[in-house]
Amino acid sequence: MRPVDRRTFLKEAAVVSAATAASAAVPGAVLSAQALLPRRPRTLEEWKKTPCRLCGVGCGLLLRLENGRAAAVKGDRDSPVNQGSACAKGYYSVQALYGKDRITRAMVRRGGALVEVPLTEALDLVARRLRDTAQRHGKDSVAMYGSAQWTVPDAYVATKLFKGALGTNNLETSVRIYAASAMAGLESSFGLDGAIGCYDDIDHADVFVLWDDNLAETEPVLFSRMLDRRRANPAVRIIHLSTRTTRTSYAVDRTLLHLPHAGLAIANAVCQEIVARGLVQREFVDRYVAFRRGPSQPGEAPPGDPRYEEEAGEADWDGYVKFLAAYTPQRVQELSGVPAENIRWLASVYGDPMRKVMSVWGAAVNRDVRGTWLNNAIHNIHLLVGKVASPGNSPFCTTGQPSGGNAVQNAGSLTHALPRGVVQNEQDRRRAADIWGVPVDRIDPRPTHSALSMFRALERGDIRFLWIQATNPMVSLPNLDRYRRAAAGDDRFIVVSEAYPTATTDVADVVLPAALWIEREGIFGNAERRLQHFDAMVAPPGDATSDAWLMIEVARRLGFSSLFPWDKSDHVERIWDEYGRFHPDPRSTLPSLAELRTRPGLLWPFVGGRETRWRYNTAHDPAADRARGDFDFYGHPDHRAWIWLRPHEPAAEWPDQAHPFWLGTGVVLEHWGTGTLTQRIPTLHRAVPHAYVEMNREDAKRLGIRNHDRVRLTSRRGSLELEARLDYRSQLPPGQLFVPAFDEAVPVNRLTPDAEEPVSGQPDGSTCAVRVERVSGGRAS
Amino acid sequence: MSSPERAPRGRWLLPLFLTASAFTAAAAIVVAVERAPRRRAPEPAPASVALLAAPTDSIPGEARVFRTAPAMMAIPPDTRRTREAHPRSLKTYHYLRAYPGAPPRIPHELTPEEFRTSACNTCHERGGYSRRFAAYAPLTPHPDQGPCLQCHLGTDNLMAVSLVSPDPNRRCRQCHATGGMPRPQAETPFDWLTTTWPRLPSSTAEEQPAPILHAAEPRGNCVACHAGPAAVAEVRTSHPEWADCRQCHVAPDPDAAAFTRTASAETVPAGGTP
């Protein structure tokens, strides 16, 4: 519709009425008023597609640009992920590009303060220090800590630089602290990382079991898809296992509250009940499942030596049944606080042959100190009843990061990984050396450090140069003060690529200005293995440059131009082509960039023009061998999925007399990560301006704490002052506290322990023991 | 006069009279349109709305639209039609939205229970008069989508128990207190308002039904915004009782090119479409 203002209207009215009158006066003359009006150009609305920059759901968004700025957002109805909907973060996400304190110039620390320098000077300095450090202290004295917010090309360039050029495996990303247990769980149960099903399972499942405190706020759009499914099919049920009552609890059909760290016991009890009641799908188990026993007392990983391959002892059906005998619903009721009859009911739901079940979990499970085992245990339930790898039957682990899960790890950005396979495998090393054009013995066959171990090496001085990109470890690492001290040590050169000042840039010696999201071309990979492409749509401010290009510039200064020969104009496409050469077979074929440009994302493996929606299912996965029946779990050499015997173990830290409360940390809908982006989006910031601690009303009364009072939380590692909120977003059972972790000004990780999960290396950041004291009154409630 | 020989002499009188009337009518319309908005609203409206009913006029067709059981409303409906604190205007409509199509912010307080359980549909699914906020509750065009707080945000000061109070000052402060309703985007360095809101159609003498200026998804329920006491003042329809809005009002696709003929004898085989 043409825009009209008053003057124009009057003009037009006069013209039209004159024309009308003239038509009446002169019969037979047809004067079209339209023909007399001046022609106005039509404004074309152009909406460009992109995946959302925040969270791992990976909603497809359409952005509208005006005058070179992103100005409006709507959900992409063509995207199978969100089908046109979004959440508040997505709707306001583009504002993250325009915060007042955006870093637009490179900075170098001189005399204690960061001063702006030309970008070339900063890059020269970075390259020089990297080379000098490696020469003086050895190739393993330099390291990179990247991010699950990297695009796939960023991750690939980092892998090639560190493993192919510099020859060190000191490359880790924040995937390690958020999702490593999920990866290790899939690798141990099925032999390969990557989701088995996809979000389509939501449209087929009859029951959803959420092993996560608050899916309505951690993965809002997935949760609303489940609600839609239930609205259309009233027989669908959503069951929620949680340690506290949240927004999710009010929307689901049944909430089972349980004590922290009881997940393994509950999962084993469900399996025990399934076996005891004869609900096992014996045909499926006999044909497609094998049993494995891992070390029962793995303890904590020794420093610098994470175990990525467990020694697996064989077990059998009888051994498994015997193992389960200890997990009766009665015994687990004491361990978990879930009544035995509810455990039995949950088992009957899983075991019902007429209902398809999708289990969904995320950080709450992965951050457990036995996160890998808990992942295995939930997979076990599905394997026992044959509900896996088919539409609606899906053990599904979500990730919280735009490229978390497998997009970044698949590009090789973990210490043990290569763009295909692992460094320990000779064939994988040869393939990489071949594609990269480097001698095969350049690639080190030993993994060096997982993320925490890397920061401990920094503390010891084994690592003297660390380049951090697109993540905020000086807020997100557990036992935070220890690693802040490590980074601030003498002779530790820290380079940080960032878009905004953070606690991590506070410890940097060099800050490089990073381009954000649609300021550069990229590809993200979400939790359901969907790769999504976005164009560069707006110009980055000042000297801001993509992470990939900054690394290429440094690589060339180090003398590796032949490995990074690409031109800036098409380097993303060249990188994608090269990365594709690692994945020529149906187990992991990638779609081409041309295909990704035109579609709102494509699932990989993408074979013969078709997405693989359900892996290991011979009807849906071209890599699965039909001769083996309905399923072919080709990840393992015996083509079977493995049920692991995983005993319940107590948490790393337990409340005691001095620290009587459990503290849990997590997420609110309005903020993401450590808040670097969302706190600079005014509407999101105003909705939740700062973090707080929630506690049980009775506990608060007993301690004399009122709503909005300032309180101090003290753990064995440190203390923290913050505001108390009662009856706010969630309701806590007695003895438990909750603090959202998005706020740099309330660094809750000062309190959490950094015990590492021994198989995956993911730190147990989920709970710790604290005491609470009232400090002062807050504002009147 | 009826003698036939007089008719030829006055033949030019009739067209002249008609033309003069047409011009006068046009002028009258212009004047009426000019004056009408000024009398109705303190702030200038972006376009005239002569074809749409003024908000203070009673719209007989609405009488039965919002009937609902008191128990469902949870607040006894006021049978008196109380004067609103402020009618819902296009200005407030824009004020709550960061850009055209954005989910509106929540401008009022919530009880802790409402905040936790997303009980927004209690008022917003069917509308009606809310004594608590002294206003008619706007209808949501998508009551089936939820949870509401997934997209609609408020401010941190949502958590105050708002009691029904006879004190008009207290009611006002629910929205206008510090933190209640945030200041407009002048605070932010990023000027959302560069994105143009669709302009309302002029009252065209063509008398065509106005085209739909916004995306239809998820706004399938036209009555929610265009009819009723909580409707946005400038876009109220004069005929809410006509059932099928889309019979006359269409949503043109701005990206569609002009029609060009692509089918021909070669491409369309005899016997049907390809």
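Modeller: Happy to! Two strands pair if DSSP finds at least two bridges between them, and strands (E, at least two residues) are DSSP runs, as are helices (H or I, at least four residues), numbered from the N terminus. This is a predicted model, where local features need pLDDT of at least 70, side-chain atom pairs count only at pLDDT 80 or more, and totals for chains, interfaces and linings use all residues. Residues are numbered from 1 along each chain as its sequence is written, chains are lettered from A and ligands numbered from 1 in the order in which they are written, and side-chain values use heavy atoms, leaving out hydrogens and water.

In chain A, five parallel strands make an open sheet, in the order S10-S9-S8-S13-S14. Its edges are S10 (254–257) and S14 (394–397) of chain A; each has a single partner strand, so one side of each has no neighbour in the sheet. From one strand to the next, the twist averages 15 degrees (axes are lines fitted to C-alpha atoms, and angles run from 0 to 180 degrees between N-to-C directions, with helices fitted over the stretch in contact).

Strand S9 (residues 237–242) of chain A runs parallel to S10(A), and four bridges join them. Leu241(A), for instance, has Leu256(A) in S10(A) as its bridge partner. In general, strands of a sheet pair through backbone hydrogen bonds, either parallel or antiparallel.
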